Amino acid sequence: MKRILLRLVATLLVLTPGFSKAQFDAPNLRITPARPQPGQSVQVVYTPTEAKLVASPLIEATAYVLSKKNPVALTIPLSKKDKHWEGAFVLPKTALVVAFDFSNGRKVHDTNAEQGYLQLLYTNDQVLPGSRAAAAVWLNEWADNILELEPNPETIHRLFEKEFQENPATKPRFIFPYVYSLNNRTDQALLKSEAARLARQPKLTEDEMKALILAYQKLEQPQEAQNYETKIRTVFPKGTAALRSIYKTFSEEKDLTKKRAIWGKAKQQFAGIPEANFYISYMASQLATAYVRKGQWEVLKTLEKQPDFAAPIATAYNSYAWEKAEAGENLPQAERLSLKASEWAKNQLDKPRSGTDESYLTDAAIRKNRENTYAYYADTYGFILMKQGRLEPALEAMKQAAVTYGKYEEPDITQRYVEALVQAGQSAQALPVLEAALRKGKGTPKIEELFKQVYTQEKGVADYDTHWAGIKKEVADRVKATLQEMMIRKPAPAFTLTDLEGKPVSLASLQGKIVVVDFWATWCGPCIASFPGMQKAVTRYENDPDVAFLFVNTWQKEADKQKNAADFIAKNKYNFRVVLDDTDEVVTRFKVSGIPTKFVLDRKGQIRFKSSGFTGNAEATAEEVSQMVEMLREETK
């Protein structure tokens, strides 16, 4: 999922008590007209001020437009004029607020001194009703997830309050995100007030009832919440609560004919309701997987022709075909299914974006996702062909997967392609593939081994060591340059947590060391996948008195969180120093929106690096952590 980039804090609008400013204090960004209205063409003039962006030959700009639901990403084509960049885009007629992201197309994003760029919209000379509330929604629910910008609760609250003060009629429309923005602990009085106000109303909209349920949940009043949960499904039979109830019934049903009937009824009942698309699609995916597992091929042939099932069936076919290929079972059938999946994926590449694509992704990001999907499916198909000894068509499919569309990003796919080339007696063709992957930093011990084998076979051993050292230096230099772009500097929140033995561990006690803080959970797949790489990093520094690792177990729901974490670590034989964030307070103070997320702190307790997610490469994870540590060590030499 995933899935990371900037920090958007609304200091604009907080500059005066009345929020008279409509844009962050950003003299390097000029918008024309200064008070843009929905439906208008907007000109943007942006002057980079950060050194890393000033020197960049390319600046990419994205406008994130929010109406009420999901943001829509609009790419703004820019052209350079002297020291600034100019572009234009058209605001949708339903737009309420727009945020901007400027980057060099890689890791560097302009944070506007960690304020970001946000523009309210107007109607004539007045702020558009709903614009402030939409800005609050963006800051609270999207800026962090899309741009990794930390929300400012005080600013969000003030935006909502100013909105409701000036435009009372907008409150019912934004009541759910408003209640969602309130903190369980610090906003108890507001939560109680909203719950009481809503409960007194004789008739509630669906959003108001959802907000009331949420308020009761935040106030830890489960019976009141349950009462309205029951009521909302009856009063709003086409609402999301009713859909969740249907999905629960669908999940519990074992008979596939009945499951399909439930899906069909839900699709018909919730037709035209965008919020239902996720559930409808997810149910179709479960059906497709179940039909494949049970071998109901005739049913699947029928469903293949239905748009709702095309993508789920392709996914199910690919997964099934891969399992059979690995086991060496029923390869002709696996080939047929894999071919269908890969052909479907290739046909998607040049299609325009559709309603199933996430609105907050740019066209370029959607294209990249489609290329990745095709690369995975083509790799499966090539692997199956190779298993059957049909090397020529296998190599063509694998080249598509590893090079043409995969662009060397997945080491496992690259490795399979190279092994097929070697098997086909084409070592000379394998060498540039291996070298390109290694120079891109996408190597593994096996790829390095293959490179040495093929290089010495084709060119001899004489200059191998020199050539290999040059590749490693190039990669290390590039990684270092990338990490330098990622460097930040801000105080790390203080904390004291208990370890798996019940002993207190404070961050302050590690002052003077370089500290790697890794937030994780036992249910988190990417966290678990990243741990072999993290173990390599821990092992590398286990005898280094200047480096410490803390693995903060968080977001767990188990009754005995200590036993849950301890059992996991023992079972997997990791020698991690684990501390327990039982109340989830530390993960909140670090403003983590998703896990795994790592922070690397310098000797003064300053956060210098933040890294989220897992790349899928254990060696790369270990190397990245090591590079971060060594860069901080260099600073204090």
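This report describes selected strands, cores, cavities and backbone features of one protein model.

The model is predicted: local features need pLDDT of at least 70, side-chain atom pairs count only at pLDDT 80 or more, and totals for chains, interfaces and linings use all residues. Residues are numbered from 1 along each chain as its sequence is written, and side-chain values use heavy atoms, with hydrogens and water left out.

Helices (H or I, at least four residues) and strands (E, at least two) are DSSP runs, numbered from the N terminus. Two strands pair if DSSP finds at least two bridges between them. Strand β6 covers residues 84-90, with Trp85, Gly87 and Phe89 on its covered face. His84, Glu86, Ala88 and Val90 form the uncovered face of β6. Strand β2 (residues 41-46) pairs with β6 in the antiparallel sense over six bridges, and Val45 has Glu86 as its bridge partner in β6. Strand β5 (residues 78-81) also pairs with β6 in the antiparallel sense, over four bridges; here Ser79 stands opposite Glu86. Two residues lie between the strands in the hairpin of β5 and β6, where Asp82 takes a positive phi near 60°.

**Nonpolar cores**

A nonpolar core is a set of buried Ala, Val, Leu, Ile, Met, Phe, Trp, Tyr and Cys residues joined through side-chain atoms within 4.5 Å. Buried means under 20% relative accessible area, exposed over 50%, and partly exposed in between (1.4 Å probe, protein chains only). The largest nonpolar core has 74 residues, of which Trp263, Tyr417 and Phe451 touch the most other members. Helix α10 (residues 277-293) gives the most to this core, with nine residues. Apart from this core lies another, of 72 residues, including Ala26, Val98, Ala136 and Leu149.

**Cavity and pocket**

On a 1 Å grid over the protein atoms alone, a cavity is a set of points where a 1.4 Å probe fits but cannot get out, and a pocket is an open set with protein on both sides within 12 Å along at least five of seven lines; lining residues have an atom within 4 Å of a point. Grid points are joined across faces, edges and corners, and a volume is the space filled by probe spheres set on the points. The largest cavity holds about 40 Å³ of space, and its lining includes Leu507, Lys513, Asp602 and Arg603.

The second largest pocket has a volume of about 240 Å³. Of the 13 residues that line this pocket, Tyr376, Asp379, Asp412, Ile413 and Arg416 lie nearest its centre. Helices α12 (307-327), α14 (363-387) and α16 (411-423) each supply at least two lining residues, and α16 gives the most, with four.

**Backbone features**

Most residues other than glycine have a negative phi, and most peptide bonds are trans.

Asn330 has a positive phi near 45° and is found in the loop between α12 and α13 (331-348). Asn330 is partly exposed, with a relative accessible area of 44%. The phi of Lys591 is positive, near 55°, and Lys591 has its place in the loop between α22 and β17. Lys591 counts as partly exposed, at 30% relative accessibility.
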